[in-house]
Amino acid sequence: MQRWMTLSPEADDRQNTAFDTWLQADGIPFENAQSEAAYKERVTLIRDAVQLERVPQRIPVCPMPGHFPIEHAGISWRDAMYDYEKLALAWKKYYDAFPTDVFHGPRTIVPGKMLDILDFKLYQWAGRGLAEDLEYQFVEKEYMPAGDYQDLIDDPTGYFLNVYFPKIFGSLEPFKGFPLLPPVHEIPLVPPAIMPFANPSMIAALNALGDAGEAVAGWSESMNRISLQIMAKGIPGFSGGFSKAPFDLIGDSLRGTRGIMTDMFRYKDELIEACERLTPFMIKCGIAACRATGHPMPYLPLHKGADGFMSERQFETFYWPTLRKVAIGLIDAGLVPILFAEGGYDKRLDIIGDLPKGKAIWLFDKTDMKRAKATVGRTCCLAGNVPMSLLCTGRPDDVIDYCRDLIDTVGRDGGFILSTGAGMQGAKAANVKAMIEFSKDYGICR
């Protein structure tokens with residue numbers, strides 16, 4: 001049996017160790033003793049909400065800002081993607097004005113220079129296909145033809161290097177000739193394996209990767225610095241890694257939505273096998289990132305499992321089995337996956353609670369939170385789901401009423417983190433302030 005099918009006996013100890021490490025906050029230059037105490041209090045709020053063993057002293061208030069900080073700072077998207085200092089200052093300005101119980105870093109706003117160097121084709125962004133004040137947009141295509149399923153299954157890494165990367169990175173087109181390296185196990189096989197790296201086009205591709213790496217290093221330094229400054233005020237980060245559902249990995253950027261939806265009928269066996277094949281990669285991806293950051297909670301945005309995309313039977317056949325294995329693999333490593341159910345999951349609630357108790361967070365967007373509490377809430381911490389539409393078009397009193405109802409019906413006995421259903425692009429600042437300030441006060445567990 002694959003090890004991510006069930007938990008090991010050490011999973012509880014690993015999770016507690018991970019939370020203890022996060023709580024210790026090694027390397028954070030706190031502004032003062034009060035900031036350090038506030039940091040540890042907030043980590044404890046999250047821990048208590050997740051583990052379902054005790055009611056937190058207060059419901060954690062952890063809205064996802066999305067790209068609202070860019071709007072709040074009055075900078076353009078091009079500024080945010082090309083001027084790292086402006087991006088960092090925008091995030092500092094947001095958390096100075098709206099102190100929450102965690103911070104979401106600006107790492108979804110990636111360095112534009114890196115994308116330019118690599119000639120990235122999977123997105124359009126400010127100054128590259130879009131106006132300077134517009135956020136980036138995905139360019140969906142069938143980047144992997146259905147006939148390539150077996151090649152992906154046989155060698156996922158080789159497929160990404162030799163086939164997929166040359167399609168989405170113009171500068172890496174020479175990777176079509178990247179050598180098959182596993183046969184390098186005898187001395188006569190070394191020269192033919194190394195020879196392609198002398199090709200001028202391959203050298204140019206590798207140099208482009210080096211230049212892109214330098215661009216990322218400058219961006220990363222700015223992001224790390226602003227993250228430390230925010231944490232120094234006593235606000236911990238919400239997540240420390242990233243992974244995906246295997247079905248989404250294939251459907252988002254390999255086959256595309258149309259392709260994978262037809263594959264459920266035309267290539268059922270190949271699709272299921274490919275999802276299984278990619279499962280250990282998604283587990284390792286989340287574990288590696290969280291180990292690098294020292295944070296126990298990887299973030300998994302779920303794109304194509306929502307009610308409107310497939311039937312319950314299809315969800316149980318194609319989506320949930322490998323997503324559950326990814327979650328179990330992360331949990332077994334002592335991590336707490338944050339499963340962000342984008343869209344509505346009302347028809348999934350009797351299925352997705354099948355996870356070990358106190359080991360995961362389900363972050364809901366448009367799902368009925370009362371039904372979620374009665375089902376998934378028996379085993380998992382719930383988070384959500386103040387609507388973006390309400391924050392953009394409502395009044396502060398409307399936002400307060402919504403938050404009050406969430407706290408009264410979903411959060412009073414613990415196991416709940418108040419958050420937004422999605423980001424907050426276009427939100428009114430007064431509504432954001434009302435959500436945070438009211439929920440912090442009203443969410444005290446009396």
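**View 1. Helix α10 and the residue that follows.** Helix α10 covers residues 200-232 of this predicted model (helices are DSSP runs of H or I with at least four residues, numbered from the N terminus). Its end C-alpha atoms are 48 Å apart, which agrees with the 48 Å that 33 residues should span at 1.5 Å a residue; the expected span is 1.5 Å times one less than the number of residues. After α10 comes G234, with a positive phi near 100 degrees.

Residues are numbered from 1 along each chain as its sequence is written. Because the model is predicted, local features need pLDDT of at least 70 and side-chain atom pairs count only at pLDDT 80 or more, while totals for chains, interfaces and linings use all residues; side-chain values use heavy atoms, with hydrogens and water left out.

View 2. D101 sits in the loop between α5 (84-97) and α6 (112-118). Its relative accessible area is 0%, so D101 is buried (buried: under 20% relative accessible area; exposed: over 50%; partly exposed: in between; 1.4 Å probe, protein chains only). The D101 side chain makes a polar contact with the side chain of R58 at 2.7 Å, and reaches the backbone nitrogen of V61, also at 2.7 Å. A polar contact is a pair of N or O atoms within 3.5 Å; within protein, one must be able to donate a hydrogen and the other to accept it, and residues adjacent in sequence count only if both atoms are side-chain atoms. Neighbours within four places in sequence aside, the residues in contact with D101 (heavy atoms within 4.5 Å) include R42, L45, I59, P60, C62, I235, P236 and K440.

View 3. A25, in the loop between α1 (11-24) and α2 (33-51), is not a glycine but has a positive phi of about 60 degrees. With 9% relative accessibility, A25 counts as buried. L52 lies in the loop between α2 and α3 (68-73), and its phi is likewise positive, near 60 degrees. L52 counts as partly exposed, at 24% relative accessibility.

**View 4. A nonpolar surface patch.** L181, V184, V190 and I194 make a nonpolar surface patch of about 290 Å². Patch residues have over 30% relative accessible area and no salt bridge, and nonpolar side chains (Val, Leu, Ile, Met, Phe, Trp, Tyr) are joined within 5 Å; a salt bridge is a side-chain nitrogen of Lys or Arg within 4 Å of a carboxyl oxygen of Asp or Glu. Accessible areas come from the Shrake-Rupley method with a 1.4 Å probe. V184 is placed in the loop between α8 (156-168) and α9 (190-194) and, at 34% relative accessibility, counts as partly exposed.

Technical notes: Helices (H or I, at least four residues) and strands (E, at least two) are DSSP runs, numbered from the N terminus. Patches are made of residues with over 30% relative accessible area and no salt bridge: like charges are joined within 9 Å, nonpolar side chains (Val, Leu, Ile, Met, Phe, Trp, Tyr) within 5 Å.
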